[in-house]
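Hi,

Here is the structure I promised to pass on. Have a look at it first, and then read on for what turned up.

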Amino acid sequence: MLDTIIKYLKSSGVYGWEVNDVKTNGWEFYFIRHELDQHRAKNVEHINVKVYQQSEDGGSIGFAIAEIAPTASERDIEKLVSGLAYRATLVENRPFTLTPPVEGNTSEGKASDIADISADFIRTMSELPETEGEDINSYEIFTSDVSHRLITSTGIDYTEHYPSSMIEVIVNARHGEHEIELYRSYYSGTCDASGLKRDLVRTMNYGRDRLIAKPTPVNGKINVLFSGENACQIYNYFSERMNAALVYRQMSDYEIGKPICEEFTGDRVTVKALRELANSSENHAFDAEGAVIRDVVMIEDGVAKQFLGGRMFSFYLGLENSFNPNNIEVTGGTRTEEELRVGRYLEAVEFSDFQVDEITGDIFGEIRLAYLHDGDQTTPVTGGSISGSMNDFVGSMLMSKNSAQYNSMKIPALTLFRNVTVTGAEN
Amino acid sequence: MKAPFSDYLTGVKSGLKEMIAILRKEYDYVSVLATDSCGLATRISQRSRSVSGETMTTERGIVVRVCNNGQYAEYAFNKFDPTAPEKAAMEIQGALEAQLIMLRLAGVKSYDTPLLPDEEQTLFVEKETQQLPETADVEALVKKLGAISDKAMSLSEHAIECIVSAQSTHICKMFLTENRDLCQSYVYSEGAIFFVVNREGNSQVAYENVSGLCGPELFDGLEGKLDKVVTTAAELLDAERIEPGEYEIIASPEVTGLIAHEAFGHGVEMDMFVKNRALGKDYIGKRVGSDKCTMHEGALCAENVTSYAFDDEGTLAGDVTEIDHGILKTGICDALSALRLGVQPTGNGKRENFEHKVYTRMTNTMFDSGEDSLEDMISSISYGYLLEGMESGMEDPKHWGIQCIIKMGREIKDGRFTGKVVAPIIMTGYVPDLLGGISMLSPHREVFGSGGCGKGCKEWVKVADGGPYLKTKARLG
């Protein structure tokens, strides 16, 4: 199949092409309580083709994309390639060159045993310390063995094999007739049994606290401490604003060599793109365009160092050896947990959907569970929301020295924003 | 013209029927959903241009559902050879048996579910469209979108980018069992303008969109949205932060749709009833909103991006009255959940694509309209906001919490707009309070079908929602 596609691409006379061939062998298990609702298997192949065309004077390049079904006939393939070659001439972009090959390994990884990985997840879930008050409502397990081959007109021919897993868990907590739920989804390479158990036990504790939580009383400004996965949204804001596409489109005002805010009164972030993070589901040797993924410091001590991104926008910005980053590590925290947990503050641990807009900098989130700390007193609270702008927080935010990993992001375990607007839930 | 049914699906039908017959010797129930949906996506901005044959719902593949002894299983694949149905049947049996061996070793118990009915039924639907994405004039479309982007840039000194996108998908699906043979073909399209402005470091994004159960002819309507998007962007640059608190609000039809979707859309997806994950289960027949509040859900409720003839389990499209004058009447249900709950399926069993499991999902979720004019609604407000522009939402069916992110609010004092605009807005609260506060509804009703809907944080499908202008009270921050 691939040979036929490449034959027609080579004979089409186009400026360039890329073929991404992804084969997935997946197993899925759906549980209600601990009873199997449904089991599913899949064996699929997706072949995505991107065709580039240069204008006659070399002044522009266009590209067109399509998926070619593995059941496509040779006639279908010829027609699709010809259609892509035509469509690519209709969209004119500034010229750029395609990713060249790099000497070295052309193949990485090996096939994963998804039966073993699935069994690990099932066993882990059966060993959780559930109680009458806190237990597991339902869960869905997804495990995959993925093989990805990339072939391009510039001579790239890479293959990598990797496992990819995800488990979605609904945790219930109840007191008499009153029952609540908390949602969790965990992405990883294989099953991280100890990490999964640790976080689900913590989630059950949160559930217990949410049952007794009072309506959030605050209306106004208060320091907010982020102590869970929601903080990934905060740090994703920084890596997104270092993305070549956002910078080239002027939607990010970060400049190389300049601080990312006017004045720092708090900690300064250091953001790194990493080739590997332990058991991340995003450990890849190359990106979808064939660029080799490396360890790169993007922001150092609050100063923009290196933009990264896809080939076209990276070329426009004159970036050498750029790529689309997968794993991100954030450091720069100078505080211990004790130093961050002082005075009156709101520790937000559960949101409906915490969001940070990378263009406007707006942050939002409805509070499902927070702890209002005031000296020695801690009160679980629920309802209401937090809102604000990253522009007001970047310079004054504080971070813990210790870190926590959430799949492809390793970030400070605690992040403190000062003077955040909170809309309370009391009548 | 009729949107023609897929030649590919027609070509594999007899092979699939043979495969079903082979599998029926081993399983109590066998069904097949085969899909072949092609599309066109064009995205034009000042700094990049692209054209693609892929949209959110383009796909070609097959999913087989089987059941033995009350245990359901599925196998998804996309390399079916219609001349070798035995080979496919062996592949399916082998893969599912390997899973059962692992499950037996792990000591897993099964959730027993009754057998799906398989009554004889045939259906062949080709819906009307003016154009098809596969034969659209891409050159003309690229020029049209480019002209819109250029014009937008000329209309604001603060403009930094204008992205214009247009997507059209030709859906073809075939559902087969031993006794059923359902085929459908329809085209839906959606387009949007994203206008990005910046003034002295303050970046704002305004957007407008169009959607419909039609072909690329829909994009003729995009230019008509241009003035609104440019005006909104200017207003966002001058917008202030809202003082947090509870206010009287008028939801625009787009925000009304978001409330419908998050409040009693997700809240009455009945696969959540099976897992005891939705409070709605205990409130059937009880009051959940004011007497003015009536809501419908179903593929037949409106003509938009998800108005199919049958769902991904072969259940015919429906129109369910979820809330009737404030009383919760029923929810929406996929076929397996309906068996477990002892109710009839409503035609809401949807998959992200052939590779994904069926869940109960929304189609068109709509508030019914009323008789109050928008002018009367505005003049009835002593202090509040007219809310416009939907960003995102999140539900909590177990606790009836709701989060809606809204683009902007226009301040109203003593029945008049003050000219002050606040943005952005997060609306939160308790669903019965929000619906219980509904006091006025306009006769005007709109449907919005741009964007997608997830279940939890995955399983993205197309949905549409909407309604009239709606007055209630809400907590804004």
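Let me start in the sheet of chain A: A:Ile328 has A:Met409 in S21(A) as its bridge partner. That pair belongs to strand S13 (residues 327–331) of chain A and strand S21 (residues 409–412) of chain A, which run parallel and are joined by 2 bridges. (Helices, H or I with at least four residues, and strands, E with at least two, are DSSP runs numbered from the N terminus; two strands pair if DSSP finds at least two bridges between them.)

Before going further, some housekeeping. This is a predicted model, where local features need pLDDT of at least 70 and side-chain atom pairs count only at pLDDT 80 or more, while totals for chains, interfaces and linings use all residues. Residues are numbered from 1 along each chain as its sequence is written, and chains are lettered from A and ligands numbered from 1 in the order in which they are written.

Back to that sheet. S13 and S21 sit in an open sheet of 6 strands in chain A, with mixed pairing and the order S12-S11-S10-S13-S21-S20. At its edges are strand S12 (303–304) and strand S20 (403–406) of chain A, each of which pairs on one side only. Helix H5 (residues 231–241) of chain A lies across S10, S11, S13, S20 and S21 of chain A, and runs at about 105° to S21(A). (Angles run from 0 to 180 degrees between N-to-C directions, and axes are lines fitted to C-alpha atoms, for helices over the stretch in contact.)

Elsewhere in chain A, have a look at strand S14 (residues 344–351). Because 7 of its 8 residues are buried, S14 of chain A is largely enclosed by the rest of the structure. (A residue is buried if 20 or more other C-beta atoms, placed from the backbone, lie within 10 Å of its own; it is exposed if 12 or fewer do, and partly exposed in between.) Strand S9 (residues 220–226) of chain A pairs with S14(A) in the parallel sense over 4 bridges, and A:Val224 stands opposite A:Leu346 in S14(A). S14(A) is also joined by 7 bridges to strand S16 (residues 362–374) of chain A, and these two run antiparallel. There, A:Tyr345 has A:His373 in S16(A) as its bridge partner.

As a whole, chain A has 9 helices and 22 strands. Its 427 residues would give a compact globule a radius of gyration near 22 Å, and chain A has 24 Å, which agrees. (That radius is taken over C-alpha atoms, and the globule rule is 2.2 Å times the number of residues to the power 0.38.) Of the 427 residues of chain A, 51% count as buried.

Now chain B, which has 9 helices and 26 strands. Its C-alpha trace spans about 70 × 55 × 40 Å along the principal axes, and buried residues make up 60% of its 477 residues.

Strand S1 (residues 29–44) of chain B runs antiparallel to S7(B) and is joined to it by 11 bridges; B:Cys38 stands opposite B:His170 in S7(B). S7(B) also pairs with strand S8 (residues 180–199) of chain B, in the antiparallel sense and over 17 bridges. S7(B) and S8(B) form a hairpin with 3 residues between them, and B:Cys172 has B:Ser185 in S8(B) as its bridge partner.

There is a helix pair to see as well. Helix H3 (residues 138–154) and helix H4 (residues 226–238) of chain B pack at an angle of about 35°, with their axes 10 Å apart. B:Ile148, B:Lys151 and B:Ala152 in H3(B) meet B:Leu226, B:Val229 and B:Val230 in H4(B). The residues of this contact divide into 5 nonpolar, no polar and 1 charged. (Ala, Val, Leu, Ile, Met, Phe, Trp, Tyr, Cys and Pro count as nonpolar, Asp, Glu, Lys and Arg as charged, and the others, Gly among them, as polar.)

Finally, how do the chains meet? 62 residues of chain A are in contact with 62 residues of chain B, where contact means that the C-beta atoms, placed from the backbone, lie within 7 Å. Strand S2 (residues 35–54) of chain A gives the most to the side of chain A that touches chain B, with 11 residues.

Cheers

Technical notes
Two residues are in contact if their C-beta atoms, placed from the backbone, lie within 7 Å.
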